[in-house]
Amino acid sequence: MKKENLEEIKNMPKVVLHLHLDGSLRPETVYNWLKQEKNDVTLEEVKEKLMVDKDCRDLNQYLQKFNLPLKVLQTEEHIEQATYELFEDLAKQNVIYAEVRFAPSLHIQEGLPYERVVESAIKGMSRAKEELKIEGNLLLCCMRGEDNTLSNLTTVATAKKYLNNGVCGLDLAGAEALFPTSEFADIFKVAKEQNIPFTIHAGEAEGPESIKNALEMGAKRIGHGVRCIEDPKLVRELIEKEIPLEICPISNLQTKATGEHPIEELYKKGIKVSINPDNDTVSNTNIIEEYKWVLEHTNLTIDDIAKMNKSAVRGAFISPQEKASLIAKLNEYKKDHNKVL
């Protein structure tokens, strides 16, 4: 990659819509937490437990890398610190707005109520927003799985409680191939009735039907969605309804969601596409690495990436005024950059 292109993707303002808190912990922080609890572990061993290797078979194996993060994210202090550090890392990458997601139901093993879990994350995010030039919100994940209707409904109620006060919406995450999207229609019916916007992981481990179910349930965005390419009629629907896809190129390849990545084809067909890192640590990536991958493996350009950032803003779960402010920042950078050129 040309040096000037690398500098530009580092400097350009970025918007991230699909990023998991528990999949993006700093290995050094996890190592320190474990040492404080008298665990005999090395930093290298921690990295091995947190990061996926090149032989990853599928999404289910990828999801095993969340075992350690969920073990250490059970206190208010750790949740707050992890959230602050992730937003700090994003600010260093010139991200101007991020929606960070996590599932409160996975952080109550040591007795924390849902509200305290979410308030701890909001506290960490708010501190980062005050100290750094970054805006953001949290998305609360309902989880795929058996017998978890009550915990998912509690997540919906918690999202409603903090909506527009640090939380901007909901998500459905977990093992898509094992627990079909359609099984969670009742949960998202409640979310829709309460006017909580939501995105749903779909079209990653399962095909177009999963995306169709998510749209029928009222999803305003689709997490991943790369397998829509298998159904031309669905592609047309996504274009017509202007449903954004939160695409995570490196993660999609690691989980074998796709062989040859369709991001270029989807973008050129007219789908609203944004580029995202999914899990900074599990995938050993960040938003800059994702942009580099796109420029090195497709015919897409920096201008295309800039347009995707505008699509991301338009798809964000924020007010029209907040969107206008972010678009103005993107335009201001482009104008100043063009002057320099």
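Q: Hi! Which strands does helix α8 lie across?
A: Hello! This is a predicted model, and in it helix α8, residues 149-162, lies across β3 and β4. Its direction is at about 160 degrees to β3.

Q: And which strands does helix α7 lie across?
A: Helix α7, residues 114-131, lies across β2, β3 (135-143) and β4. Its run is at about 160 degrees to β3.

Q: What's the strand order in that open sheet?
A: The order is β1-β2-β3-β4, four strands with parallel pairing.

Q: Which are the edge strands?
A: Those are β1 (14-20) and β4 (167-173), and each pairs on one side only.

Q: What does the twist average?
A: From one strand to the next, the average is 25 degrees.

Q: Let's zoom in on the strand pairing. How many bridges does β1 make with β2?
A: Five bridges, in the parallel sense, link β1 with β2, which covers residues 95-102.

Q: Is β2 mostly covered or mostly exposed?
A: Mostly covered: eight of its eight residues are buried.

Q: Switching to the nonpolar core. Which residues touch the most other members of the largest one?
A: Leu170 and Phe188 do, in a core of 86 residues. Helix α6, residues 76-92, gives the largest share of that core, with seven residues.

Q: What does Leu170 touch?
A: Leaving aside residues up to four places away in sequence, its contacts include Leu139, Leu140 and Cys142, then Thr155, Val156 and Ala159. Phe188, Ala191, Ile196, Pro197, Phe198 and Thr199 are also among them.

Q: What's in the second core?
A: That one is separate and has 14 residues, including Val15, Cys168, Ala312 and Leu326.

Q: On to the rings. How many aromatic pairs are there?
A: The count comes to two aromatic pairs. One of them is Tyr62 with Phe66: the ring centres are 6.4 Å apart and the planes are at 55 degrees, so this pair is tilted.

Q: Are Tyr62 and Phe66 buried or exposed?
A: Both Tyr62 and Phe66 are buried.

Q: Where in the chain are Phe188 and Phe198?
A: Phe188 is in helix α9 (residues 185-193), whereas Phe198 is in the loop between α9 and β5 (199-202). The two are 10 residues apart, and their pair links distant parts of the chain. Phe188 and Phe198 are both buried.

Q: Last one, about arginines: which ring face does Arg127 lie over?
A: Arg127 lies over the face of Tyr84, at 3.9 Å from the ring centre. There is also Arg221, which lies over the face of Phe317 at 4.2 Å from the ring centre.

Key: Residues numbered from 1 in each chain as written. Predicted model: local features only at pLDDT ≥ 70, side-chain atom pairs only at ≥ 80, totals over all residues. Heavy atoms only, no water. Phe/Tyr/Trp six-rings, centres within 6.5 Å; stacked < 30°, edge-to-face > 60°. Buried < 20%, exposed > 50% of the residue type's maximum accessible area, 1.4 Å probe, protein only. Lys NZ or Arg CZ within 6 Å of the ring centre and 35° of its normal. Pairing = 2+ DSSP bridges. Axes fitted to C-alpha atoms, helices over the stretch in contact; angles between N-to-C directions. Contact = heavy atoms within 4.5 Å. Core = buried A, V, L, I, M, F, W, Y, C linked by side-chain atoms within 4.5 Å.
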